[in-house]
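This report describes side-chain contacts in one protein chain. It covers charged pairs, aromatic pairs and nonpolar cores in turn.

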Amino acid sequence: MIRKLLLTGRPGCGKTTLIKRIVNKLALPASGFYTEEIRERGQRVGFKIITLDCKEAVFAHVHFKTPERLGKYGLDLSVLETVAVAALRAAARARQLVVIDEIGPMEFRSAIFRDAVNEVLESGAPVLATITARSFPFTDAIKKRLGVTVIEVRPNNREQLVSELSEQFMA
């Protein structure tokens with residue numbers, strides 16, 4: 001049985017969609033968050049965090065005038081540190097499936113988020129997460145942890161992965 005599963009792949013390959021489909025198929029108690037693009041007139045202008053219990057907050061936006069920036073986006077790390085981290089820690093304490101979408105360069109700018117991810121990975125809770133394919137010290141260390149399985153999502157394997165990964169979590 002896979003207890004700590006990290007999905008990686010190129011942007012737009014379907015990692016978030018895959019996570020949502022697996023969580024729905026499993027019908028296990030789960031908590032955590034996923035990210036969703038904010039689009040205006042066909043252009044991506046930001047990202048929001050949506051917890052599995054339906055709390056939403058804008059995490060990154062082109063109009064945010066914040067000191068923390070990544071590319072064209074201003075980041076509101078306080079949203080990540082309150083909404084997302086609270087959901088992760090609650091799931092780990094309850095030994096529920098912990099859903100993290102995503103462990104990437106925007107998110108790991110927060111030390112509180114990095115600490116929460118490490119706490120979750122050290123807990124006995126099962127983890128289903130997406131992680132950037134790019135190489136960064138924080139994410140590279142996570143990918144090398146004992147007990148972590150990393151699977152690359154591609155357009156030609158994502159349909160098959162829904163069933164395969166759901167079965168492995170249920171085993």
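## Salt bridges

R21 and E159 form a salt bridge, with 2.9 Å between the closest N and O atoms. This pair joins distant parts of the chain, since R21 belongs to helix α1 (residues 15-26) and E159 to helix α5, 138 residues apart. R21 is partly exposed, at 35% relative accessibility. The model is a predicted one, and the count of salt bridges in it comes to 11. In general, side chains of opposite charge can pair when their charged atoms come close.

A second salt bridge is formed by E36 and K48, whose closest N and O atoms are 3.8 Å apart. E36 lies in strand β2 (residues 30-40) and K48 in strand β3, so this pair ties together parts that are 12 residues apart in sequence. The relative accessible area of E36 is 29%, which means that E36 counts as partly exposed. The side chains of R39 and E37 also meet in a salt bridge, at 2.6 Å from N to O. Both residues of this pair are partly exposed: R39 has 48% relative accessibility, and E37 has 36%. Through shared partners, salt bridges join K20, E36, K48 and E56 into one network.

## Aromatic pairs

The whole structure holds four aromatic pairs. One of them is formed by F47 and Y73, with 5.4 Å from centre to centre and 65° between the planes, an edge-to-face arrangement. F47 is in strand β3 (residues 43-51) and Y73 in strand β6 (residues 73-75), so the pair ties together parts that are 26 residues apart in sequence. F47 and Y73 are buried.

How are the rings of F108 and F138 arranged? Their centres are 5.9 Å apart and their planes meet at 55°, so this pair is tilted; edge-to-face would need an angle over 60 degrees. F108 sits in the loop between β7 (97-103) and α3 (111-122), while F138 is part of helix α4 (residues 137-143), so the pair ties together parts that are 30 residues apart in sequence. F108 and F138 are both buried. Ring pairs link F108, F136 and F138 into a cluster.

## Nonpolar cores

The largest nonpolar core has 35 residues, and the members that touch the most others are F59, V98, I100, I103, F113, V117 and I142. Two or more residues come from each of β3, β4 (56-61), β6, α2 (77-93), β7, α3, β8 (127-131) and α4. The largest share, eight residues, is given by α2.

Leaving aside residues up to four places away in sequence, F59 touches F47, K48, I49, F64, G74, L75, D76, L77, V79, L80, M106 and E107. F47 is thus named both here and in the edge-to-face pair with Y73. Another core, of 17 residues, lies apart from the largest one; among its members are L5, I22, V23 and L97.

## An exposed loop residue

Is N156 buried or exposed? N156 is exposed, with a relative accessible area of 63%; the cut-off for this class is over 50%. N156 lies in the loop between β9 (148-152) and α5 (158-170). The C-alpha atoms of N156 and C13 are separated by 9.5 Å, and the two residues are 143 residues apart along the chain.

Terms used: Residues numbered from 1 in each chain as written. Predicted model: local features only at pLDDT ≥ 70, side-chain atom pairs only at ≥ 80, totals over all residues. Heavy atoms only, no water. Phe/Tyr/Trp six-rings, centres within 6.5 Å; stacked < 30°, edge-to-face > 60°. Helix = DSSP H or I, 4+ residues; strand = E, 2+ residues; numbered from the N terminus. Buried < 20%, exposed > 50% of the residue type's maximum accessible area, 1.4 Å probe, protein only. Core = buried A, V, L, I, M, F, W, Y, C linked by side-chain atoms within 4.5 Å. Contact = heavy atoms within 4.5 Å. Salt bridge = Lys/Arg side-chain N within 4 Å of Asp/Glu carboxyl O.
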